[in-house]
Amino acid sequence: MEGEVDPEAGADGASQDGLPPEQREVTSDYEPSLAESTFGSISSSVNEHIWEYGRRYHVFRYGRYPIPNDEDEYKRESLRHAMMKEMLEGRLYLAPIGNQPQKIIDLGTGFGDWAIEVGEKFPSAKVIGVDLSPIQPLWLPPNVEFIVDDIEDEWVQDRDFDFAHLRFVGSVIKDNHTLFSRIFENLRPGGWVETQEIYPQPGSDETPLPADYAPAKFYSLCVEVLLKLYGFQVDSVGSLPANLERIGFVNVQRKVFHLPLGDWPRDPRLRMVGGYFHEVFMEWVTAVAARPFVEAGLDRTDIQELVKAVKVAADDKSIHAYLPIHFVWAQKPPE
């Protein structure tokens with residue numbers, strides 16, 4: 001896979017974090033019996049993690065997703081989940097899936113908060129969460145299960161889903177057209193898909209952002225690095241509705257919210273959303289700086305200075321910046 005890094009050595013035979021293999025810790029959360037895959041057969045190595053760059057990462061499909069899966073990332077995902085619920089006033093999705101969905105799949109489920117809450121909302125539905133990392137809790141509602149696998153692999157077993165959900169996943173996918181084509185194939189007629197993605201371009205409705213606005217520089221560099229190193233289409237959500245129509249989806253809808261970058265809004269609910277997003281954003285900056293920027297060959301001092309500048313800008317309440325977040329949902333034609 002292009003951009004994939006050997007977990008034991010770099011190009012010169014040294015480990016990517018400067019540590020010899022014997023000093024790099026591999027850990028495991030799950031027993032092998034819990035790693036059975038609905039997408040296909042996988043080995044017990046999916047249960048392991050590896051520590052690099054001072055953070056913990058997945059071992060299965062090593063390097064496929066260059067963002068940590070450690071406690072700091074758990075904090076970020078938990079805050080992000082709370083942020084999304086606050087923004088949607090308690091809702092978990094916008095697609096009109098009805099009151100009795102029977103099969104739901106959460107692609108790129110992460111730590112599984114969304115899948116667990118949907119399982120509790122629909123106790124008669126089977127809910128499956130899929131992720132590269134075995135980081136979900138073991139104590140679950142009886143109708144919820146998690147699978148360790150790559151959502152870009154071909155689906156070989158389960159199908160006929162009523163609802164496929166993706167959140168902050170499309171920006172780390174190599175081939176969105178193929179992924180959504182597979183979703184289309186595996187939905188039942190009349191089933192729905194919904195994706196929720198940040199478009200990586202800060203904006204402001206009041207005054208133009210400063211020409212040297214550090215968060216804008218960060219996102220521009222992020223788009224460039226993630227595309228060059230990993231092939232990720234970070235800004236793909238902008239063209240997603242047209243892509244879904246080409247695949248065959250109908251009733252394609254898009255709704256765009258503005259996520260305040262910081263707690264500058266006067267409205268109490270938006271101020272809370274902005275406060276959440278400030279923390280989520282800074283944790284994302286730290287995660288990208290920890291590995292992708294380093295692997296791209298950027299000078300570590302320059303990275304540190306950029307992170308500091310981003311924090312200063314994000315803390316400045318006189319700059320009323322936001323990030324657009326796109327909700328896109330569509331339906332497979334009913335029979």
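Which residues is Glu77 in contact with, leaving aside its neighbours within four places in sequence? In the predicted model, these partners are Thr109, Gly110, Phe111 and Asp113. Glu77 itself is found in helix H1, which spans residues 71-87, and with a relative accessible area of 13% it falls under the 20% limit and is therefore counted as buried.

Burial of this kind can be set against the protein as a whole, in which buried residues make up 55% of the 335 residues. The secondary structure consists of eight helices and 10 strands. Among contacts between residues at least 6 apart in sequence, 72% join residues at least 24 apart.

In soluble globular proteins, nonpolar side chains tend to be buried together. In the present model, the largest nonpolar core comprises 61 residues, and those with the most contacts inside it are Phe218, Phe277, Phe281, Phe293, Ile325 and Phe327. For Phe293, when residues up to four places away in sequence are not counted, the residues touched are Phe218, Leu221, Cys222, Val225, Val288, Leu298, Ile303 and Leu306.

Two of the helices, H4 (residues 214-230) and H6 (residues 268-290), meet through a set of side-by-side residue groups: Pro215, Phe218, Tyr219, Cys222 and Leu226 on H4 meet Phe277, Phe281, Trp284, Val285 and Val288 on H6. Among these residues, Phe218, Phe277 and Phe281 are also listed with the most contacts inside the largest nonpolar core. The axes of H4 and H6 come within 12 Å and cross at roughly 45°, so that H4 is classed as oblique to H6. The crossing of these two helices is left-handed.

Tyr230 also belongs to helix H4, and because its relative accessibility is 3%, Tyr230 counts as buried. The side chain of Tyr230 makes a polar contact, at 2.8 Å, with the side chain of Glu295. Tyr230 and Val172 are 58 residues apart along the chain, yet their C-alpha atoms are separated by 8.3 Å.

Key
Residues are numbered from 1 along each chain as its sequence is written. This is a predicted model: local features need pLDDT of at least 70, side-chain atom pairs count only at pLDDT 80 or more; totals for chains, interfaces and linings use all residues. Side-chain values use heavy atoms; hydrogens and water are left out. A nonpolar core is a set of buried Ala, Val, Leu, Ile, Met, Phe, Trp, Tyr and Cys residues joined through side-chain atoms within 4.5 Å. Buried means under 20% relative accessible area, exposed over 50%, partly exposed in between (1.4 Å probe, protein chains only). Contact means heavy atoms within 4.5 Å. Helices (H or I, at least four residues) and strands (E, at least two) are DSSP runs, numbered from the N terminus. A polar contact is a pair of N or O atoms within 3.5 Å; within protein, one must be able to donate a hydrogen and the other to accept it, and residues adjacent in sequence count only if both atoms are side-chain atoms. Axes are lines fitted to C-alpha atoms, for helices over the stretch in contact, and angles run from 0 to 180 degrees between N-to-C directions. Angles under 35 degrees count as roughly parallel, over 145 as roughly antiparallel, 65 to 115 as roughly perpendicular and the rest as oblique. A crossing is left-handed if the near helix is turned anticlockwise from the far one by less than a right angle, and right-handed if clockwise.
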